[in-house]
Amino acid sequence: MLRRYAAGERDFSKTRLRGIMLDMTDLKDINLSGADLSGADLTYSGIMKSNFTKAILDGAKMGGEGGVIEDSCFDKASLRGATFIMASIGHTTMRDAVLDGTSFGGDYFFSDLDLTGASLKGSDFILPEYIPPGGGRIILPDGRILGSNSSRV
């Protein structure tokens, strides 16, 4: 897969990639919608402008120092038991995603994150007490908006 990606291929939708090691990988403009990446290691990776719609990322590890998730779509993805380590997530949607049992490790940064309809049962997600002006916004699963701009994404 990495050779095909390096050669310019970007569509890996519905591909079975269970347990693949993608740590420290640049995953820009990749389509992994419907792909099975359960147990995948994505730590320290740059996930930018990528599509993970309906992807299976159960048990995946993401984030890490220098790892970023930006301008990406995880709508209807399954992230059960995933771990976000020092995650920096910006301009990303996780609408109707299943984040049950997900660990955020307590050290994360969100900017413009849409969690509308997402399930966070048993996760350690903690709402920030304050989002500074210009710090973006978070749309919660119930549609409430936290942050500097009260309009929807």
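Predicted model: local features only at pLDDT ≥ 70, side-chain atom pairs only at ≥ 80, totals over all residues.
Buried residues account for 45% of the 153 residues in the protein chain.

**The chain as a whole**

The protein chain contains 1 helix and 10 strands. Read from the N terminus, the order of elements is α-β-β-β-β-β-β-β-β-β-β. The radius of gyration of the chain is 15 Å, close to the 15 Å given by the globule rule for 153 residues, so the chain is as compact as a globular protein of that length. Along the principal axes, the C-alpha atoms fill a box of roughly 45 × 30 × 25 Å. The chain exposes about 7,500 Å², and carbon and sulfur atoms supply 50% of this area. Among contacts with a separation of 6 or more, residues 24 or more positions apart account for 10%.

**A sheet of three strands**

An open sheet is built from 3 strands in the order E2-E4-E6, and the pairing is parallel. Strands E2 and E6 form the edges, each pairing on one side only. From one strand to the next, the twist averages 25°. Strand E4 pairs with E6 in the parallel sense over 3 bridges. Within E6, Phe84 is the bridge partner of Met62.

| E2 | 41–43 |
| E6 | 83–85 |

**The nonpolar core**

The largest nonpolar core has 39 residues, and the members that touch the most others are Phe74, Leu79 and Phe84. Phe84 is also the residue in E6 that is bridged to Met62. Which residues does Phe74 touch, not counting those up to four places away in sequence? They are Ile47, Phe52, Leu57, Met62, Ile69, Leu79, Thr92, Thr93, Met94 and Ala97.

Why does Met48 count as partly exposed? Its relative accessibility is 28%, and partly exposed residues lie between the limits of 20% for buried and 50% for exposed. Leaving aside neighbours within four places in sequence, Met48 is in contact with Asp26, Leu27, Lys28 and Asp29, and also with Val68, Glu70 and Ser72. Met48 and Ile89 are 41 residues apart in sequence, while their C-alpha atoms are 10.0 Å apart in space.

Note on methods:
Residues numbered from 1 in each chain as written. Heavy atoms only, no water. Pairing = 2+ DSSP bridges. Helix = DSSP H or I, 4+ residues; strand = E, 2+ residues; numbered from the N terminus. Axes fitted to C-alpha atoms, helices over the stretch in contact; angles between N-to-C directions. Core = buried A, V, L, I, M, F, W, Y, C linked by side-chain atoms within 4.5 Å. Buried < 20%, exposed > 50% of the residue type's maximum accessible area, 1.4 Å probe, protein only. Contact = heavy atoms within 4.5 Å. Rg over C-alpha atoms; globule rule 2.2 N^0.38 Å. Areas by Shrake-Rupley, 256 points an atom, 1.4 Å probe, with all protein chains shown as cover.
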